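I opened the model to look up one residue and then the chain around it. My entries follow.

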Amino acid sequence: MSNPIVFQCSHRAQGNSNNAMNLFLEGVREAGGEADTVLLRKVEIKPCRACRVCEKDPASPCALQGKDYALDLFENMLNAPFVFFAAPIYFYHLPSRLKTFIDRSQWVYARKMKNDPEVAERPVRPAYMTLFAGRSEGDKLFEGARLTMKYFLQSFNLELQDPMEFRGFEKIADMERHPEAAERIRALGKQAWQTHAG
Ligand SMILES: Cc1cc2nc3c(=O)[nH]c(=O)nc-3n(C[C@H](O)[C@H](O)[C@H](O)COP(=O)(O)O)c2cc1C
């Protein structure tokens, strides 16, 4: 199996999701492990064209294969012992770059539906997530993000664990006011490596 993958999905460089990525990595390294990182804001991902080629013939490649990095990242996700996503909430949902990436996984979904063994027979593995929202209120603040991530990851046989959801995180340095949150994320990285890769 290859390395775990850590996705930083915020559109800003130095923020809460970036801190979460670093803390999770610290935990992995503390356990003696290593992980690959993906800064989604720096990766070119084209939007799904809804051409339906993958649904008509799952053996055929995605029409956008070779035109960006989406399929390479999906291949890595299929082989990783676990994955971690750090993302902010934008308009009660996931940021658009992450959603664009997710839409492209229709190709993986189609292959799984046709029982392509390269997808359908991947072992079930865990996916971890932190979500940051500026607001401190709103019952359904994280609901859309959680549902979308659950079903996106299912195509890869990745099982979304209960995301760590943080409210009232707005400013870039908000993690400094919450050392307990930082410690939870670090511990999550450590435990993920010890349990699923070490
Ligand atoms: C385009 C945009 C939309 C946002 N929408 C929401 C929202 O619906 N609810 C909320 O609580 N915070 C919202 N926020 C605030 C972010 O969730 C908050 O600043 C978060 O800490 C950003 O995470 P980051 O530091 O990882 O970039 C929004 C921020 C941006 C830039």
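I began with Ser17. Leaving aside neighbours within four places in sequence, I found Ser17 in contact with Gln8, Ser10, Ala86, Ala87, Pro88 and Phe132 (contact means heavy atoms within 4.5 Å). Ser17 sits in helix H1, residues 16–30. I took helices (H or I, at least four residues) and strands (E, at least two) as DSSP runs, numbered from the N terminus. Ser17 is buried, at a relative accessible area of 2%. Buried means under 20% relative accessible area, exposed over 50%, partly exposed in between, with a 1.4 Å probe and protein chains only.

A note on the source: this is a predicted model, where local features need pLDDT of at least 70, side-chain atom pairs count only at pLDDT 80 or more, and totals for chains, interfaces and linings use all residues. Residues are numbered from 1 along each chain as its sequence is written, and side-chain values use heavy atoms, with hydrogens and water left out.

Next I went to the whole chain. I noted eight helices and six strands in the protein chain. From the N terminus, their order is β-α-β-α-α-β-α-α-α-β-α-β-β-α. The radius of gyration is 17 Å, close to the 16 Å of the globule rule for 198 residues, so the protein chain is as compact as a globular protein of that length. That radius is taken over C-alpha atoms, and the rule is 2.2 Å times the number of residues to the power 0.38. The C-alpha trace spans about 50 × 35 × 30 Å along its principal axes.

Buried residues make up 48% of the 198 residues. Of the contacts with a separation of 6 or more, 82% join residues 24 or more positions apart.
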